[in-house]
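Let's take a friendly walk through this protein, one feature at a time. Keep the sequence beside you as you read.

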Amino acid sequence: MEKMHSPLPCQRTGIPTKIHVLFLVLWFGSLGAEEFPEIRNSEPDPNAQPPPAAEALKMFDLPEGFSATLFASEPDLRNPIAMTWDGRGRLWVAENYTYAERATRFDLTMRDRVLILEDTDGDGVADRRTVFTDKVNMLTSVELGHGGVWLMCPPRLLFVPDADGDDVPDGEPVVVLDGFTVAEANYHNFANGLRWGPDGWLYGRVGHACPGLVGAPGTPESDRIPTKGGIWRFHPEWKVFEMVTHGTTNPWGHDWDRHGELFFINTVNGHLWHGIPGAHFKERSGADPNPYFYERLDMHADHWHFDTSGKWSESRDGAADAYGGGHAHVGMMIYQGRDWPERFHDRLFTLNMHGFRTNVERLDREGSGYLGRHEPDIFRTEDPWFRGIDIRAGADGAVYLLDWSDTGECHEHTGVHRSSGRLYRIQYGEGKKANLMPADGVLTASLVTAAMREPDPWLDRRIRRHLAGGGTFPEASSLFSAMLREEEEVVPRLRAMWHLHAMGEKFDWSSLLDDGEERVRIWAIRFLTERQPIDVLTGPMPHRMPAPLAGDLFSRFVAMARRDDSAPVRLALASTLQRLPFAQRTALGEALAARDEDAHDHNLPHLIWFGISPLAESDPLALVRIAETCSWPETLRWIARSLTSRIEKDPAGLDALLTMTKKRESAERLALLTGVSEGLQGWRKAPKPESWDDLVAALAGGAETDESLAGLVRELNVLFGDGRALDEIKALVRNENADLAMRKSALETLIANRPDDLRKLCEDFLGDRHLQVEAVKGLALFEDPALGVTLAKRYRKFGESARPALLEVLVSRPAWAAALLGEIEAGAIPKSDLSAFHARQINAFPEKELRDTLARVWGELRESSEDKRKLIEEWTAKLTPERLAAANLSSGRQLYAGICGACHVLYGAGGSIGPDLTGSNRNELGYLLENILDPGAVVSADYRMSLLTLADGRVLTGVVGEENDRTLTLRQLTGEIVLEKSGIAKREVAPVSMMPEGLLLAFEEEQVIDLIAYLQHPVQVE
């Protein structure tokens, strides 16, 4: 223990730096008494320093009535990454020094440590500092409980015993779990966020770019639980690990509301998510690992914290600031105290990294869940070094903000400034006296009862943690049981449930299934089923099939699904589906999906589908039975799609579904046949179901006039080999009076079917500006060098919007690419029209003469790291603030649309191959140049380029999205293409980003200045 502002040891250790060796080595014992390594910064500018901590404190803009103190700062606190409270009101802070800049990722000559900070005189400033341990590395989180300290040090979850609570480890850390991978191709997204849930489980978070296989040490790979982003939990007594939710990008903050509902915050693809057990949420890219989870849940908010509209006229005069600051959200709390003004009660607070502020969200009930609505931001700061990383409420009613204090962000392209770190304390009014655990640890009924009734959950949470870890309280069982029965308010009753459960008390939770409070019923459902394993991540069939629920209990669940008037209760039942054996999923799923009022609920259709989708393989006719009483369009579509995808292996399910379709209403028929069409996307031929002709006859004989339905029938007829339908579609394509969208769809159907006269048909439409894009895609199927010459010479006859598709076709074959380069060299095609994407594909062909022509005509791609470093330095020197300020932003927007817009979304428009740029850190020049000029420095698996050589001779590049046994979806510059795998002769995955080198080679210097200035501009321009 030491007083604050004491000097830190600075002797450097001699630990080797090879991360792939040391990152699995815990050298706690081997270091012995070695001093803590010298803390060193890796920023290129040695003079770069944050404002003094006392000055930074003054830079906060606080609402009226609020005040702030500097609770701790350097040299006593540096590089703080997480914090938690003990029952005595002391803050435990994790300091991370091993995280490093992009090139290093982790500097293992450094060590991380855990501090205990205490304010002994109550003046809002820490005056006592204790180092609990400084012998761990890659530390991202700290939590207390069960007789020790829990540390997340990816790839391991550690437990450091301290049974006597003397703040000195009782022994070496115990590895509780391993397999939280830190991906070699990434440097953030790793596991973090340890916090105890109200149910007594230890919760944590992990990003999707660090997929892992988690289990206790020594667990065989086949028995480990896969992770790919989301929220996980671990039970310290049962030794059970499971994923609670799957997906999102990089969650780095979570908390529970007063009813025990979990919410978490995320970066990039939507910020606010309701942590529904069993949910699979959208990620920034890619498909779900389960091939039947076609569409995943979107965020639970009605807004973004950046402008996604692209309406430049509405983004002027500082309007962009109103959105909230950007896409990077770190740390989260739900303020449940009553010391702050009422407008902040039960609001969700999260730190916005790029906006230098705290975003505030109001959580409104909507349907089965919640919808977050943006309220005015608070706690803004003008400190450009502020990197808020955690926010927690304390026992004294104040809120504490942890500041990493650096100029970079999660990507750390500027290096790491390890010698600074701040912890701010913000209170309203005079604050209040902290209500802490008794110093002797002896609980009284009056203390516990008061804590359970107090809106602020701080003390109640510490009491539960104490009891769950074996703390004594003789009256516990009787007191909590009585409060559960007798309290009028729901929150004390819920806390009584959580206490009983965390202590492991035996209680008949089924007795609460008829309780008048919906929240009590929800938690009863969860406690009755949580020992059932949940595991549906890697495929349609779980590898740990749960045992059936007892018959009486299951019957009550089905009855609740049919009759309970609470949508959140039905959502809890829907989450339970994934914990049941297949036979029980059918009955419960059927009862839930028959509730017409939930057809358009945000959550329920997805959660029910996540639970019943395995029936497509295990019992297809069970899905048909569910469809018979279901009117939900999304669910019907997914059922039809899943059964159709198995048409060759098990056609009986689809046959039965189509027979049932004859009896359905028009909208339901459309949903079902849309699902059939989606299930056959990319197929050239499919076996015709036995019931198909009867269905077609029934549709033709009715009063059906829905053209969308008629179009689906035509397309499916072609797939099922009906020659008459093929003639009908040809006639539709040639009918100039027909709907244009229908003509395009008809031509795409012909291209997929490849009739004998396809080439002639497509050549006829090369001059049709409405159909020339589809026509050129059809001609791409034919290996004929002369055709490539024809297409290249017709380039200027194509409209501006059609030229990208033509270019993509021309670079798919070597001979055609040569014809394209010939036209560029002759000046017939502008050099700038050929993007770096196209150049890289040409460069990948084996013909040396072709590559030489590319270098002569267009430019030479720089491959070495040294070349790229010099290029970054050259452009940094050219892109001065003065030149950027004088740039033509409208010109930059036009260039962006041509260079970047096909792959990236900006202000709500653009392609989905790469990440959304709207809320990113694009105001920093170094960030932009590194990502543009050296995009392959660190490549997430989601953005690695695939090179496909097709049987017809074409070579296609792109990012693989959805994939199943029969087809895969390739995302390219001009859109997505679904390919049959049987037509792919060779498939390679390059260890490079889809974003190519040399992106700026084809442009003049002034054009690049315009582009970079536009990218840095915070709002859309005309």
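## A buried methionine

Met138 is buried, with a relative accessible area of 2%. Here, buried means under 20% relative accessible area, exposed means over 50%, and partly exposed is anything in between, using a 1.4 Å probe and protein chains only. Met138 sits in the loop between β7 and β8 (141-144). Its phi is near 55°, a positive value in a residue other than glycine. Most residues other than glycine have a negative phi, and most peptide bonds are trans.

Before we go on, a word about the model: it is predicted, so local features need pLDDT of at least 70, side-chain atom pairs count only at pLDDT 80 or more, and totals for chains, interfaces and linings use all residues. Residues are numbered from 1 along each chain as its sequence is written, and side-chain values use heavy atoms, with hydrogens and water left out.

## Another positive phi

Phe356 also has a positive phi, of about 50°, although it is not a glycine. Is Phe356 buried, partly exposed or exposed? At 22% relative accessibility, Phe356 counts as partly exposed. You will find Phe356 in the loop between β23 and β24 (357-366). The strand names come from DSSP: strands are E runs of at least two residues, helices are H or I runs of at least four, and both are numbered from the N terminus.

## An open sheet of four strands

Now look at the sheet where β23 and β24 belong. Its 4 strands form an open sheet in the order β22-β23-β24-β25, with antiparallel pairing. The edge strands are β22 (329-335) and β25 (369-378), and each of these pairs on one side only. From one strand to the next, the twist averages 30°; such angles run from 0 to 180 degrees between N-to-C directions, with axes fitted as lines to C-alpha atoms.

Two strands count as paired if DSSP finds at least two bridges between them. β22 and β23 (residues 347-352) pair in the antiparallel sense over 6 bridges. In this pair, Val330 stands opposite Leu351 in β23. Strands of a sheet pair through backbone hydrogen bonds, either parallel or antiparallel.

## A covered strand with two partners

Strand β6 (residues 112-118) is mostly covered: 7 of its 7 residues are buried. Which way do they point? Asp112, Val114, Ile116 and Glu118 point one way from β6, while Arg113, Leu115 and Leu117 point the other way, and all are buried.

β6 runs antiparallel to strand β5 (residues 91-95), and 5 bridges join them. There, Trp92 stands opposite Ile116 in β6. Another 6 bridges join β6 to strand β7 (residues 128-136), again running antiparallel. In that pairing, Glu118 stands opposite Arg128 in β7.

## Two cis peptide bonds

Where might you look for cis peptide bonds? One runs from Glu74 to Pro75, with omega near 10°. Pro75 lies in the loop between β3 (66-73) and β4 (80-85).

A cis peptide bond also joins Pro154 and Pro155, where omega is about 15°. Pro155 is found in the loop between β9 (148-153) and β10 (156-161).

## An exposed glutamate

Our last stop is Glu184, in the loop between β11 (174-178) and β12 (192-196). Glu184 is exposed, with a relative accessible area of 73%. Glu184 and Arg105 are 79 residues apart along the chain, and their C-alpha atoms are separated by 9.1 Å.
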